[in-house]
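Morning, everyone. I'll take this one chain by chain, then turn to the interfaces. Please have the viewer open.

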Amino acid sequence: MVTEKNKHNEIVKAESKNLNFFYADGTQALKKINLPVYENKITALIGPSGCGKSTFLRSFNRMHDLYPGNKYEGEIILYPDNTNILDKKVDPIEVRMRISMVFQKPNPFPKSIFENVAYGLRVRGENNKRILDDKVEEALKGASLWNEVKDRLQDLAFNLSGGQQQRLCIARALATEPEIMLFDEPTSALDPIATVNIEELMSELKKKLSILIVTHNMQQAARISDYTAYMYLGELVEHDDTNKIFTNPSKKETEDYITGKFG
Amino acid sequence: MSEPIISARLSKDFQRNIMERFIEFALLCSAAFAVFITSAIVYVLVSEAIPFFQHVSIYEFLTDTVWTPNYSIKHYGILPLISGTLTTTFIALLVAVPLGTITAIYLSEFASHKVRETVKPILELLVGVPTVVFGYFALMLVTPLLQKIYPDLTTFNMLGPGIVMGVMIVPYIASLAEDSMRAVPMAMREGAYAMGATRFQTSVRVITPAAISGIVAAYILAISRAVGETMIVAIAAGQQPNFTFNPVESAATITSYIVSVALGDLEHGGIGYQSIFAAGLTLLVMTLLLNILGHMTRKKFAERY
Amino acid sequence: MAVNQKKPSALKDLNLIRTMIRQHKRNDLIFAGLGMFVIASLTITLIILFLDLVLDGYPKFTLDFFSNFPSRRAARAGILSAWVGSSLVLIVTFIVAVPLGIAAGIYLEEYSKKGWLSDIIEINVSNLAGVPSIIYGLLALGLFVYSFGLGQSILTAGLTLALLMLPIVIVSTREAIRAIPVQIREAAYAVGATKWQVVLNHVVQYSYGGILTGVIIGMARAIGETAPLITIGALTFIAFLPPSPVTIDPPFINLDWLNAGFTVLPIQMFNWISRPQHAFHINAAATGAVIIILTVLMNGVAIKLRYNIRKKIKW
């Protein structure tokens with residue numbers, strides 16, 4: 001087993017190596033991306049719309065496999081077992097069981113709150129009521145939703161508010177104890193108070209797992225992330241400590257974007 | 001932090017994949033069944049019609065004006081059946097095109113949301129009325145009414161069933177044409193209203209021309225319906241082939257001929273048996289051409305917006 | 001002054017315009033009136049049609065009418081064999097068309113990839129919906145009755161109506177599935193579900209109501225369908241019942257009824273309409289009332305169901 005570390009002695013949880021991505025129509029959305037995701041840290045991806053940050057994020061749990069014609073080149077290595085999760089021989093379903101995702105718009109299933117959280121466990125074949133109860137409770141607590149819903153677990157998830165729905169989606173992703181959690185602009189559809197709740201939750205979650213988040217809100221990236229990567233036109237322009245990126249970026253393009261001269 | 005998972009677990013789960021593939025294949029077979037039905041229709045009609053056309057030349061079939069395959073003096077001209085089909089269809093269109101178009105314009109441009117939500121279910125109920133009931137209606141109610149206006153009208157005639165068939169296809173035209181009109185972008189309406197046009201002017205001068213191919217497609221598909229309609233004409237138009245376009249006379253259509261033969265004793269493989277397949281093939285070709293034309297027109301419309 | 005001199009003519013123009021607008025608005029009113037008149041006429045037609053059947057058939061609304069076989073004497077004739085026949089035929093239709101139609105709809109929406117195969121299937125499905133019902137009767141006559149040797153049986157009739165119903169079920173399944181947003185599927189995939197798990201646990205469950213609507217509408221159509229069944233040579237005079245599907249002895253299920261001769265409600269009605277005697281027309285009207293009550297009820301339930309779904313689920 002290889003354990004890679006960076007200069008701060010932090011463990012690399014996953015790493016993209018020379019990652020290219022092509023959509024079915026032939027457009028290249030990602031160009032030679034090399035980016036590490038550190039364990040128990042939040043890595044934020046920022047950049048203007050269409051820069052490929054969501055495309056990059058969705059490569060991590062092979063979401064692009066759902067649509068025919070999409071093509072990956074290069075590798076995303078998952079540590080500690082050194083698996084290239086983009087390898088054709090690797091089952092995307094197994095990847096998704098290790099790396100979970102929270103989407104831009106809350107997308108709970110039109111089922112009960114309980115069933116939403118339990119679903120990931122059920123697809124793994126877990127049908128023991130007691131285990132499900134425990135894990136659902138644990139996940140809902142982890143997503144700071146337990147106190148609000150513990151008395152109405154059988155209610156339809158649609159009856160929750162937008163912020164609660166998004167925390168439910170986080171609980172759903174959390175229930176299966178993933179190693180990495182992907183967030184695709186998780187607060188863009190939420191009001192400011194719900195946004196603060198989710199941000200606090202993420203800082204709590206990183207104690208247990210690694211987080212990769214796409215955000216178009218630079219303040220959010222500055223507030224919550226440990227590392228920030230700036231992408232532009234499918235390329236990774238700069239990746240560094242969040243502090244460094246926002247105070248003293250080494251590239252002119254990054255500085256222009258951060259200071260609002262562009263984007 | 002969960003346990004590190006060994007990469008062996010990441011190798012494909014073959015058993016599950018085989019299940020997934022098997023299910024996909026079963027679903028594909030269900031979908032492909034549609035292709036099987038179409039092929040079977042063509043195969044059955046053609047294979048039964050071939051012996052018929054070995055006996056009867058295509059020329060006679062298309063030009064003879066008498067159709068008596070089940071009489072002692074046999075004639076095999078499809079024209080009387082076609083004239084009956086076209087006449088009843090034409091009467092139906094005279095009723096359905098204006099009523100259907102007015103309903104469509106009204107629902108799309110004039111009616112409030114609430115009115116639309118009330119009227120559409122009524123139209124759907126009208127579509128759901130079985131044609132045998134419409135046939136009863138034509139024979140027992142509409143023809144006697146017409147006889148009060150025009151006393152020479154025979155009990156079996158093409159006018160009554162034609163009118164009833166028209167009422168039957170109004171909902172088809174109304175709903176397809178309304179769909180097309182509502183597909184016209186709002187900006188076009190706003191453009192017309194901004195210049196001071198009224199609702200009626202906007203509907204007639206802007207929306208209807210913009211949606212015209214969609215509306216025409218609705219007419220074509222309605223013609224196809226009328227051509228293939230069976231029970232109304234079988235009940236109320238009489239079942240005697242009659243080469244005429246006069247709506248007050250009785251006549252048989254292609255469909256009602258098939259019904260009249262099927263009601264009698266069918267000798268499997270006889271010329272009477274084969275003749276209904278020849279008639280059916282003619283009907284299939286007519287409706288198929290209309291449907292293709294209708295769908296092409298509709299597609300052309302859909303591509304515009 | 002120059003300005004004042006122009007005023008009268010401008011005013012005159014404005015008056016002209018106002019007259020014109022009034023005229024145009026009158027056209028609006030006329031057309032709105034015309035539209036309402038047409039729709040009212042259609043509604044009234046539907047009501048008259050219904051009342052006509054009910055009033056004509058009123059004398060026959062007795063229990064005897066439902067428990068008697070058809071008879072040469074109109075007064076004693078009933079629809080026992082017809083409604084039993086309709087029920088049995090519809091059971092076959094339901095069992096065949098519903099699973100097949102849903103499976104085909106699922107394949108076309110969730111599995112099929114763009115290409116010649118899916119194009120061919122698509123064209124065939126939309127084409128089948130436009131084929132006149134009597135053509136299905138000819139297909140059944142050539143294929144089921146003679147090639148497969150199934151005869152003029154309940155099985156043949158059920159299969160024939162199943163072919164007719166199939167496009168309706170496929171189209172409604174596809175529409176219901178298409179309404180489910182892609183985000184829901186992605187959410188399910190993201191926690192590691194397989195394609196079939198996504199379809200079974202999500203797609204089918206959330207489109208259930210829409211599929212049911214299509215099934216009910218299809219069944220309502222099958223109840224009233226007459227021409228294809230006449231074409232396969234269904235008998236119009238049946239004074240016996242098919243063997244019972246359920247027996248008191250093991251294995252409790254008897255499939256002989258599938259091969260039995262039969263008649264159905266609309267054929268019975270057609271048969272009575274064709275008689276010259278007025279007394280039989282009363283029977284026909286009563287049968288028609290039964291058919292139309294059934295179909296209007298089923299369509300009504302389907303429309304209501306669809307309305308409820310639209311109101312309840314907003315993605």
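Two residues are in contact here if their C-beta atoms, placed from the backbone, lie within 7 Å. Keep that cut-off in mind. And note that this is a predicted model.

Chain A, then. With that cut-off, take the contacts in chain A that have a separation of 6 or more: 69% of them join residues 24 or more positions apart. The secondary structure of chain A comes to 10 helices and 10 strands.

Now its dimensions. The C-alpha trace of chain A spans about 55 × 45 × 40 Å along its principal axes. What radius of gyration would a compact globule of 263 residues have? Near 18 Å, and chain A has 18 Å, so the two agree. As for burial, 50% of the 263 residues of chain A count as buried.

Next, where chain A meets chain C. Here 20 residues of chain A are in contact with 15 residues of chain C. Which elements of chain A supply at least two residues each to that side? They are helix 2 (92-98), strand 6 (99-102), helix 3 (113-123) and helix 6 (162-174). By class, the side of chain A that touches chain C has 12 nonpolar, five polar and three charged residues.

On to chain C and chain B. There, 66 residues of chain C are in contact with 70 residues of chain B. Several helices of chain C give two or more residues to this side, including helix 3 (80-111), helix 8 (195-224) and helix 11 (278-312). Helix 1 of chain C gives the largest share, 17 residues. The residues on the side of chain C that touches chain B divide into 42 nonpolar, 20 polar and four charged.

Stay with chain C for its domains. The assignment divides chain C into domain 1 (2-58) and domain 2 (61-312). Their centres, taken over C-alpha atoms, are 43 Å apart. Six residues of domain 1 of chain C are in contact with seven residues of domain 2 of chain C. The domain 1 side of that contact has four nonpolar, one polar and one charged residues.

Last, one helix in chain B. Helix 9 of chain B covers residues 212-228, which is 17 residues. At 1.5 Å a residue it should span 24 Å; its end C-alpha atoms are 25 Å apart, so that agrees. Is helix 9 of chain B largely enclosed or largely open? Of its 17 residues, 14 are buried, so helix 9 of chain B is largely enclosed by the rest of the structure.

Methods: Residues numbered from 1 in each chain as written. Chains lettered and ligands numbered in written order. Predicted model: local features only at pLDDT ≥ 70, side-chain atom pairs only at ≥ 80, totals over all residues. Helix = DSSP H or I, 4+ residues; strand = E, 2+ residues; numbered from the N terminus. Nonpolar A, V, L, I, M, F, W, Y, C, P; charged D, E, K, R; others polar. Rg over C-alpha atoms; globule rule 2.2 N^0.38 Å. Buried ≥ 20, exposed ≤ 12 C-beta atoms within 10 Å, placed from the backbone. Expected span 1.5 Å × (residues − 1). Domains from an automatic or database assignment.
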